[in-house]
Amino acid sequence: MFSFTVIAVVFGVIFLAELPDKTALASLMLGTRYRASYVFAGVAAAFAVHVALAIAAGSLLTLLPHRWVQGVVGLLFLGGAAVLLLSKGEDEEEVKAPADQSFWKVSGAGFMLILVAEFGDLTQIMTANLAARYSDPVSVAIGAVLALWAVGALGIFGGQMLMKRVPLRLITRIAACVMIVLAAFSIYEAVVG
């Protein structure tokens with residue numbers, strides 16, 4: 001069975017920890033460019049995989065080579081910033097139609113972005129620690145997945161709303177700058193430790 005108290009506690013802790021994280025930015029950026037439901041499907045699946053790994057691996061996640069993970073994340077953010085700044089069609093203001101961007105392509109991109117960027121992240125480690133603390137993996141998994149899905153949905157649908165009021169070109173440039181800052185921070189952590 002499961003405990004509503006544990007679900008609520010885990011939801012609150014994970015939601016607050018993930019809200020200011022890079023995932024919200026990545027979800028927001030994907031939500032400005034592609035169909036929200038397609039993006040959410042990929043993001044939601046990636047979060048489910050992360051929670052499953054955290055629950056299964058438990059405290060072993062804290063033994064991962066943190067420097068290596070941060071270095072890869074930093075390089076991915078730099079690559080993402082370059083793609084944003086160099087992409088053609090920056091003036092396109094509408095979400096691409098499904099005919100232009102298939103469900104599998106868009107959801108796959110969302111899945112891979114979140115899967116790689118969040119691997120070994122604080123919330124994944126926190127989920128593993130909460131699973132060990134409460135000895136209730138089902139309740140911890142439910143709370144963590146719901147919190148991560150809520151943050152992803154806020155980012156994606158916030159991106160859709162933002163695009164109606166702010167030019168996509170400006171959003172893209174701001175997101176690229178933020179990604180460069182996140183890349184620098186991740187690479188710094190990888191080098192300094």
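The following legends describe close-up views of a predicted protein model. Residues are numbered from 1 along each chain as its sequence is written, and side-chain values use heavy atoms, with hydrogens and water left out. Because the model is predicted, local features need pLDDT of at least 70 and side-chain atom pairs count only at pLDDT 80 or more, while totals for chains, interfaces and linings use all residues.

**Figure 1. Overall architecture of the protein.** The secondary structure comprises 8 helices and 0 strands; helices (H or I, at least four residues) and strands (E, at least two) are DSSP runs numbered from the N terminus. Of the 193 residues, 43% count as buried, where buried means under 20% relative accessible area, exposed means over 50%, and partly exposed lies in between (1.4 Å probe, protein chains only). The accessible surface comes to about 9900 Å², and 73% of this surface belongs to carbon and sulfur atoms; such areas come from the Shrake-Rupley method with a 1.4 Å probe, and for residues only the protein chains shown count as cover. Among contacts (heavy atoms within 4.5 Å) between residues at least 6 apart in sequence, 94% join residues at least 24 apart.

**Figure 2. Confidence along the chain.** The predictor's confidence in each residue, pLDDT, runs from 0 to 100. Its mean for the protein is 77, and 76% of the residues reach 70 or more. Confidence is highest in helix H3 (residues 36-57), at a mean of 89, and lowest in helix H4 (residues 66-86), at 68. Over residues 89-99, pLDDT stays under 50. Where pLDDT is low, the predicted coordinates should not be read in detail.

**Figure 3. The largest nonpolar core.** A nonpolar core is a set of buried Ala, Val, Leu, Ile, Met, Phe, Trp, Tyr and Cys residues joined through side-chain atoms within 4.5 Å. The largest one has 28 residues, and those with the most contacts inside it are Val10, Ile14, Val39, Val43, Ile114 and Val140. At least two residues of this core come from each of helices H1 (4-18), H2 (22-33), H3, H5 (103-117), H6 (122-134) and H7 (137-165). Apart from residues up to four places away in sequence, Val10 touches Leu130, Val140, Gly143 and Ala144.

**Figure 4. Helix H2 and its surroundings.** H2 is largely enclosed by the rest of the structure, because 11 of its 12 residues are buried. Among the buried residues are Leu25, Met29, Leu30 and Arg33. From first C-alpha to last, H2 reaches 17 Å, close to the 16 Å expected at 1.5 Å a residue; the expected span is 1.5 Å times one less than the number of residues.

**Figure 5. Aromatic pairs.** Rings of Phe, Tyr and Trp (its six-membered ring) pair if their centres lie within 6.5 Å; planes under 30 degrees apart count as stacked, over 60 as edge-to-face and the rest as tilted. The whole structure contains 5 such pairs. Phe2 and Phe4 form an edge-to-face pair, 5.4 Å centre to centre with 85 degrees between the planes. The ring centres of Phe40 and Trp149 are 6.5 Å apart and their planes stand at 70 degrees, so this pair is also edge-to-face. Phe40 lies in helix H3 and Trp149 in helix H7, so their pair ties together parts that are 109 residues apart in sequence.

**Figure 6. The setting of Ser107.** Ser107 lies in helix H5 and is buried, with a relative accessible area of 7%. Beyond its neighbours within four places in sequence, Ser107 is in contact with Tyr38, Ala41 and Gly42. Tyr38 also belongs to a cluster in which ring pairs link it with Phe103 and Trp104.
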